[in-house]
Amino acid sequence: MPTDSVQYKSKPGDLIRSAPNKFSVENLRSEEMIINLGPQHPSTHGVLRLEVLMDGEIVKEVAPHIGYLHRCFEKHAENLPYNQVIPFVDRLDYVASMNNEHAYAMGVERMLGIEHQIPKRVEYVRVLVAELNRIASHFIAIGTYGMDIGAFTPFFWLMRDREHILRLLEWASGARLLYNYIWIGGLFYDIPVGFEDRCREFVSYITPKLRELETILIENKIFIDRTANVGVLPLDLAINCGVTGPMLRGSGLRFDLRKVDGYSVYNELDFDVPIGEGKMGKVGDCWDRTHVRMLEIYESLKIITQCLDKLTGDHKRSQDFDPQALIPKKIRPKAQDLYVRAEIPKGELGFFFRSDGKSDVPFRCKCRSCSFVNLSVLPEIAKGILVADLIAIIGSIDVVMGEVDR
Amino acid sequence: MSTFDQIILVAGESCTHGQLVADENATPKAIRIDVRDLTAVAQNLKENSVTYFDMLSCATGVDNGPDAATMEVIYNLYSIPFDHQLMVKVTVPRDRPEVDSVCHIWKTANWHEREIFDLYGIHFRNHPDLRRILLPADWEGHPLRKDYKHQDYYREVKVEY
């Protein structure tokens, strides 16, 4: 097949011209050196390039270079009708697409003023699939983190268990990862018959497995030695840097937008917000962040059980229920600015919309991604540590480069 | 007195160059201030015990197009202890877009401002490290401007798809 027209002809120096180093060799002191980590490196979780200024084994400064996965989300969004942006939203944080869709759909519904008319069954299904996806995302976070610092087995266990969730979501939406399931004003389709039973089976299957995971990974002596007291993020720095999600909670603040804003039906559900308590080291270290994710899985399971009760009780499946009933034929919000935020597995996902009231496409759609902001704290906490700990810190931030680069 | 009125009072104290305008057609509610007052207002909003906006959630650039000849930077503030939100808007002329950086107040602003610089070409004065962040350093132009025309070739690869 002729591919000449799209072949990239590389010249020496091309790469360094597109992403120049921040530190220059001329200004180095005699004992210092620059180490380039990534963009193609298994422990950078995608395409993250770190330029590390080192003094022997000690990291003096880190300069992250991002943008290798930039897909012009905001430019695309300015050229598409609101409903057609949803597949692009999926591709932001591609391991937690349901949560992204939920946040986006909520924002557009608020602009249209229909957020209180959404049927309760639709909201419960949304929360159900979002929480399932949250568990899948935390599985990836914990599994790959274990693998980063040398524990292979938990990764395979978690991938095996994540597969159950992906199959459930595939059953509901038709896709394994990028669902396009939550639509503005409703859902693509009601959950399939028998879905609730399979979910219950999954909950009873996974609960003992989680205990197993805690024993093999979280409470493992080697894991604790690698993560406790490493990468301590003090609370004041976390807030000043805008860090959210399990990272902020790991630093000891009980702050979860599902509780604070109580959006969707989260205010009707009973769950706790776990925080880091410094059980193994200092508050806000890598172990705390991972432990918070672990505890959040239990909370998500609680939410799922309650949703299933509602979906088989008060808001039962019925013949005349149409999840697409409220979907507007034409989405044209009146002129306004709106900022919407929601808690996705990594933190606060925000969308800023500006609508001019005259067209069906957003005038401006900005995505405030949590991985982007969480990653920006890395140069602050990665000073004076060992290079092996740098890997441990990157893993504990849980970045998804699709969301960082958008 | 509602929270928003109190916030307006606090922000108004630091407005020396221009008038503060409340903008109710926004969620959360917004204030529009003169761009020269930005750092003073931001500092006051963060440190005043009534407002205490300790977190900068988001900073957004907006281009109003060549006809309006203005660009905007919009800051979304949030106060964790009081649980209130605020939008702060500043407008800059399109031919000379310059805004003072708020990096020294909220470190979040660092990467957000770099992103706005990258995609809109708005210059942030006193920013510690104003480089492109998402696009390659040798990319031409600022893609989210309304009159942006992409280059024909980037490294012998056709940009048009």
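**View 1. Lining of the second largest pocket, by residue class.** In this predicted model, the lining of the second largest pocket divides into eight nonpolar, seven polar and nine charged residues. Ala, Val, Leu, Ile, Met, Phe, Trp, Tyr, Cys and Pro count as nonpolar; Asp, Glu, Lys and Arg count as charged; the others, Gly among them, count as polar. The lining holds 24 residues, and A:R110, A:E115, A:H116, A:Y263 and A:S264 lie nearest the pocket centre. Two or more lining residues come from each of α4 (97–112), α5 (120–148) and β6 (336–344) of chain A and from β6 (84–93) of chain B. The volume is about 480 Å³. A pocket is an open set of points on a 1 Å grid over the protein atoms alone, where a 1.4 Å probe fits, with protein on both sides within 12 Å along at least five of seven lines; lining residues have an atom within 4 Å of a point. Points are joined across faces, edges and corners, and the volume is the space filled by probe spheres set on them. Helices (H or I, at least four residues) and strands (E, at least two) are DSSP runs, numbered from the N terminus.

**View 2. The largest pocket.** The elements giving two or more residues are α1 (14–18), β3 (58–65) and α2 (73–77) of chain A, together with α4 (109–120) of chain B. The largest share, four residues, is from α2(A). By class, the lining has 25 nonpolar, nine polar and eleven charged residues.

**View 3. A cis peptide bond at B:P28.** The bond from B:T27 to B:P28 is cis, with omega near -5°. B:P28 sits in the loop between β2 (26–27) and β3 (30–33) of chain B.

**View 4. Positive phi at B:A69 and B:N126.** B:A69 is not a glycine, yet its phi is positive, near 60°. The loop between α3 (65–68) and β5 (70–79) of chain B holds B:A69. B:N126, also not a glycine, has a positive phi of about 65°. B:N126 lies in the loop between β8 (123–125) and β9 (153–154) of chain B. Is B:N126 buried or exposed? B:N126 counts as exposed because its relative accessibility is 72%. B:A69, at 34%, counts as partly exposed. Buried means under 20% relative accessible area, exposed over 50%, and partly exposed in between (1.4 Å probe, protein chains only).

**Notes.** Residues are numbered from 1 along each chain as its sequence is written, and chains are lettered from A and ligands numbered from 1 in the order written. Local features need pLDDT of at least 70, side-chain atom pairs count only at pLDDT 80 or more, and totals for chains, interfaces and linings use all residues, while side-chain values use heavy atoms, leaving out hydrogens and water.
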